[in-house]
Amino acid sequence: MSEPERTTIEIGDGAAIPRAEDRGLVSAWWLALIGAATLLVVLPWIKPDPYLTILRFVPDGVVITFKVTVLSISLAIFIGLVTGLGRISRNRFINLIASLYVEVVRGIPLLVQLFYIYYALGRLVRVPDLVAAVIAMAFCYGAYMGEVFRAGIQSIDYGQSEAAQSLGFNPRQTMTYVVLPQAWRTILPPVGNEFIALLKDTSLVSILAVSDILRRGREYASESFNYFETYTMIALIYLVITLILSKLISLMEYRLSYYDRR
Amino acid sequence: MNNVKNPFHLYLEPTGDVKKKLASLFFDFVLVLTCVSFTFFLRVFLGDGRWKNKHHNLCCGEAMSKTLFAAVSLFLLTLCGAVYAETTIVFATDATWPPMEFVNDQKQVVGFSIDFMTAAGREAGFKPVFKNTAWDGIFSGLASGKYDAVVSSVSITKERKRVMDFSEPYYTVRQALIVNKASQATSLADLKGRKVGGQIGTTGYFAIKAADGVEAKSYDEVGLAMEDLNVDRIAAVVCDDPVAANYALDKYKDRLKIVAVIESGEAENYGVAVNKGNSETLALINRGIAAVKAKGIDRELKEKWIGQ
């Protein structure tokens with residue numbers, strides 16, 4: 001008699017999705033950062049003629065890019081908080097205004113809005129270009145932020161609000177002392193991602209003649225005709241900045257997820 | 001091909017590299033032969049299907065082969081038409097520079113340079129095709145072969161000559177300073193510490209950068225700079241004088257004025273830019289420009305587009 005055929009089931013480690021703490025995952029980020037940073041150092045060192053000149057030309061653009069990004073994100077977070085609260089408001093009028101703002105802004109391409117706000121604002125009030133650019137960016141990103149805030153607030157279990165109210169908190173107190181502090185934990189990582197997205201989108205303000213990284217690079221390229229070299233350097237600068245920022249954000253995310261990991 | 005005067009024009013006038021044209025003729029001939037033999041192959045082996053069972057015949061019978069034959073002949077005819085057409089030169093132009101080149105209300109690219117090159121094409125026997133291209137990067141597109149030449153009010157400068165070849169000059173301009181009607185400034189020197197705008201990569205912008213103490217601000221299009229000047233975000237704009245006249249005397253005539261021609265700058269000449277070493281195209285364009293100038297067409301065009 002022959003042995004009955006046996007089926008063997010192979011048992012692996014069952015890791016369908018690698019975990020965030022997995023050391024092997026870090027390599028992509030490290031590879032990109034080290035690659036970009038090395039190129040940023042090595043290229044000007046080997047061929048200083050175009051590359052070093054470009055690196056010398058661009059830094060004030062980096063400052064402007066950061067200025068626009070930080071100012072717009074602060075303003076956008078504020079607008080986003082107001083919009084997010086407005087979107088979950090029981091007051092129909094406030095709710096309608098907030099929803100209308102979000103719908104309109106999300107339906108128009110960022111570039112078109114930038115042009116529109118920049119030149120429309122110019123006709124109405126006298127504002128410097130940087131301020132106009134910041135207002136335009138904040139206006140656009142405020143709507144995206146509003147949705148992030150709304151989602152964050154709605155992610156807090158309704159039982160929390162009920163518990164607070166049963167302890168005699170009024171709706172405003174419930175929001176400020178119970179819901180928002182918990183919602184921050186959910187909101188912060190996407191806000192960080194929006195920050196990076198905003199930083200990249202500030203390259204759009206170069207069309208408004210704001211001298212950011214891209215505009216500085218284009219000015220250099222249009223004079224020297226070194227288009228390839230210039231855009232290589234600009235891409236690398238953006239890449240290094242966003243890689244570092246994204247690492248900071250994932251670190252922040254890691255620390256904020258302490259209670260989930262426990 | 002509506003304005004073909006002489007169908008054999010290309011082969012009668014040895015304007016360019018004869019060898020290249022012979023090679024392309026030979027290539028066309030081979031292509032024709034291939035097409036003809038392919039058609040015959042279809043007719044004989046697939047068309048009547050005598051060598052195969054009727055049911056397995058994929059290409060079904062006489063009708064199909066006739067259609068195929070007709071299609072291939074049509075293709076060959078168009079091919080022959082293309083072979084005998086005039087040389088086409090594709091020009092890139094940034095149509096945001098009125099009155100030299102701009103898009104009119106019928107969405108056509110028009111202007112002095114456009115008319116000039118069309119006339120030059122008529123004289124020298126090439127068909128100009130104008131491709132509206134953004135100014136910033138227009139020269140990199142030339143280098144990568146997206147078009148044959150750039151006719152976009154390009155002033156001939158030493159720096160540009162290093163990387164590309166220029167035709168004979170076809171128009172002469174100076175840099176003009178435009179300010180708001182209320183402004184007291186009469187030269188760039190009066191604008192120390194203020195922002196002055198120009199289009200990126202233009203000689204006007206370079207003039208601003210060369211001036212001491214003036215903050216240079218570059219725009220993608222000169223029209224955007226004019227609008228920023230109109231709303232007082234910047235103190236002045238520097239650009240070529242025909243363009244300055246178009247904005248300050250026409251579009252914004254209530255708000256802006258031309259105060260000066262930049263003192264340091266000598267006269268600049270517009271030329272058509274081609275890639276380094278593209279002598280064939282350059283010769284054709286130069287011949288056109290010379291003929292247009294000799295016939296006095298340029299004066300008519302100047303009157304038509306620029307006036308004064």
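**The interface of chain A and chain B**

Biologist: How many residues of chain A are in contact with residues of chain B?
Modeller: The model is predicted. Taking contact as heavy atoms within 4.5 Å, chain B contributes 25 residues, and the number from chain A is 24.

Biologist: Which three residues supply more of the area that chain A buries against chain B than any other three?
Modeller: Between them, chain A and chain B bury about 2100 Å², with 47% of that on carbon and sulfur atoms. Of the part that chain A buries, 27% is supplied by A:Tyr119, A:Phe225 and A:Tyr227.

Biologist: How many salt bridges does the rule find across the interface of chain A and chain B?
Modeller: One salt bridge joins the side chains of A:Arg123 and B:Glu227 at 2.7 Å, N to O. Across the interface of chain A and chain B, the total found is 7.

Biologist: Which element gives the largest share of the side of chain A that touches chain B?
Modeller: Four elements of chain A give two or more residues to this side: helix 6 (129–154), helix 9 (213–224), helix 10 (227–256) and helix 5 (110–124). The largest share is 6 residues, and it comes from helix 5.

Biologist: What is the distance between the end C-alpha atoms of residues 225–249 of chain A?
Modeller: An unreviewed UniProt entry lists residues 225–249 of chain A among its transmembrane regions. The span is 92% helix and 0% strand, and its end C-alpha atoms are separated by 37 Å.

Note on methods
Residues numbered from 1 in each chain as written. Chains lettered and ligands numbered in written order. Predicted model: local features only at pLDDT ≥ 70, side-chain atom pairs only at ≥ 80, totals over all residues. Heavy atoms only, no water. UniProt positions renumbered as here; feature names shortened; annotations may be inferred. Buried area = accessible area lost by both parts, 1.4 Å probe. Salt bridge = Lys/Arg side-chain N within 4 Å of Asp/Glu carboxyl O.
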